[in-house]
Amino acid sequence: MKPILQLYRGYANEEELIVMGHVFKRTYDYDFQKKNFKNASSIINQFRIKTLENFDVYLKYGNQEIHTKTLDDGYFKFCIPLEKETHFGWIEYEVSIKYDSEIIVSKANFIRPHKGNLGIISDIDDTFLISHTQNIFRKIYILLFKNVNDRRVFKDVVSHYQALSSAGRHNTEGENAFFFISSSEWNLYRFIVKFAKIHRLPRAVILLKDIKRSITDFFMSGRGNHDHKFDKIKHVLEFYPNLKYVLLGDDSQQDPVLYERICKIFPVTVVAVYIRQTGKSQKSEVKKVMQNLESLDVAVCYFKESSEAIAHSKSIGII
């Protein structure tokens, strides 16, 4: 059976390029049709994938072909020094694998943002995608039986994200760097990309949790330890020290506490934190975190409706 090469959006600064992907022995297409039971089988199939470990992967960069091998879970990552000036914005890259006498090629994009612009880091579930994370049974039901075409974003969230994407930019190619960092696994990458495209959310680098390879893992999707989110956010801020950051999350899980830890480590670069209220009332522990962030001179907004977040972003001059 021919292996499958899946690439993800990468990112670069002035000195380094990072691109990544998976090599699958077996995978299943996500059925984007509006058939509820077909959707359930499609989602479950995303967790029945088989990966190829120690498989040869080749990155074409300039006149070079750089070789690496996949890790135990089929994941590969190229972190390579940039020796010459590259363009800004979104840039195409190419990766290939070899199978018998055939060369399988896939292309994706990476972003290289301008210095001094905004970097926007957003959670996914219950931050822009309505997911009901706090109710595990409802969350699983929606994931299984609501097709990507039927899933919804919060009102006005797209307007807010589009405004943040273009803030301070004077042309359409100069998008600010957007990162979706979530506790969802790489299994759901294609679903997230499709959903973001349907709703015209900004093109983002998507950083997810290690891939899962069994149906039982599906029922734990998005749960467990969130330290990987902290590590990935910290990595982005270290990778782009010259950007000013806006962090967006919700109060259903650990976002406020994670973002507080980030702001304490990066007291200059985070300019604003937005937390969506997911329940009927605001949580006292979240309000306490937001007050502490204000004492660090971080602009904060604990909001129910995205219209409030938009008004706040305008009031502090970031859009």
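Which residues line the second largest cavity? The legends below take up this question first and then turn to other close-up views.

The model shown is predicted, so that local features need pLDDT of at least 70 and side-chain atom pairs count only at pLDDT 80 or more, while totals for chains, interfaces and linings use all residues. Residues are numbered from 1 along each chain as its sequence is written, and side-chain values use heavy atoms, with hydrogens and water left out.

**View 1. The second largest cavity and its lining.** The lining consists of Q6, Y8, F24, T27, Q46, I49, W186, N187, Y189, R190 and I211. A cavity is, on a 1 Å grid over the protein atoms alone, a set of points where a 1.4 Å probe fits but cannot get out, and lining residues have an atom within 4 Å of a point. The space in the second largest cavity amounts to about 90 Å³; a volume is the space filled by probe spheres set on the points, with grid points joined across faces, edges and corners. By class, the lining comprises 6 nonpolar, 4 polar and 1 charged residues. Here Ala, Val, Leu, Ile, Met, Phe, Trp, Tyr, Cys and Pro count as nonpolar, Asp, Glu, Lys and Arg as charged, and the others, Gly among them, as polar.

**View 2. The largest cavity.** Rolling a probe the size of a water molecule over the atoms shows where empty space is left. The count comes to 3 cavities of 30 Å³ or more, and the largest has a volume of about 110 Å³. Its lining is formed by 12 residues, of which D125, L129, L143, S184 and L188 lie nearest the centre of the cavity. Helix 2 (136-145) and helix 4 (189-198) each contribute at least two residues to this lining. Helices (H or I, at least four residues) and strands (E, at least two) are DSSP runs, numbered from the N terminus. The lining of the largest cavity divides into 6 nonpolar, 3 polar and 3 charged residues.

**View 3. Packing of helix 7 and helix 8.** The axes of helix 7 (residues 255-265) and helix 8 (residues 284-295) come within 10 Å and cross at roughly 15°. Axes are lines fitted to C-alpha atoms, for helices over the stretch in contact, and angles run from 0 to 180 degrees between N-to-C directions. Helix 7 and helix 8 are therefore roughly parallel to each other, a term for angles under 35 degrees. Helix 7 passes helix 8 in a left-handed crossing, meaning that the near helix is turned anticlockwise from the far one by less than a right angle.

**View 4. Packing of helix 3 and helix 9.** With axes 8 Å apart, helix 3 and helix 9 pack at an angle of about 25°. This pair is therefore also described as roughly parallel, and the crossing of helix 3 and helix 9 is left-handed. Helix 9 (residues 306-315) contains A311. At 43% relative accessibility, A311 counts as partly exposed, the class between buried (under 20% relative accessible area) and exposed (over 50%), for a 1.4 Å probe and protein chains only. A311 and C301 are 10 residues apart along the chain, and their C-alpha atoms are separated by 10.0 Å.

**View 5. Positive phi at D156 and R200.** D156, which is not a glycine, has a positive phi of about 70°. D156 lies in the loop between helix 2 and helix 3 (157-166) and is partly exposed, at 31% relative accessibility. R200, likewise not a glycine, has a positive phi of about 60°. The loop between helix 4 and strand 12 (205-209) holds R200, which counts as exposed at 65% relative accessibility.

View 6. Between F178 and S165, 13 residues apart in sequence, the C-alpha to C-alpha distance is 7.1 Å. V95 and L7 are 88 residues apart in sequence and 8.0 Å apart in space, C-alpha to C-alpha. The C-alpha atoms of V23 and T51 are separated by 6.0 Å, at 28 residues apart along the chain.

Methods:
1 Å grid on protein atoms, 1.4 Å probe; cavity = no way out; pocket = protein on both sides within 12 Å on 5 of 7 lines; lining within 4 Å. Parallel < 35°, antiparallel > 145°, perpendicular 65-115°, else oblique.
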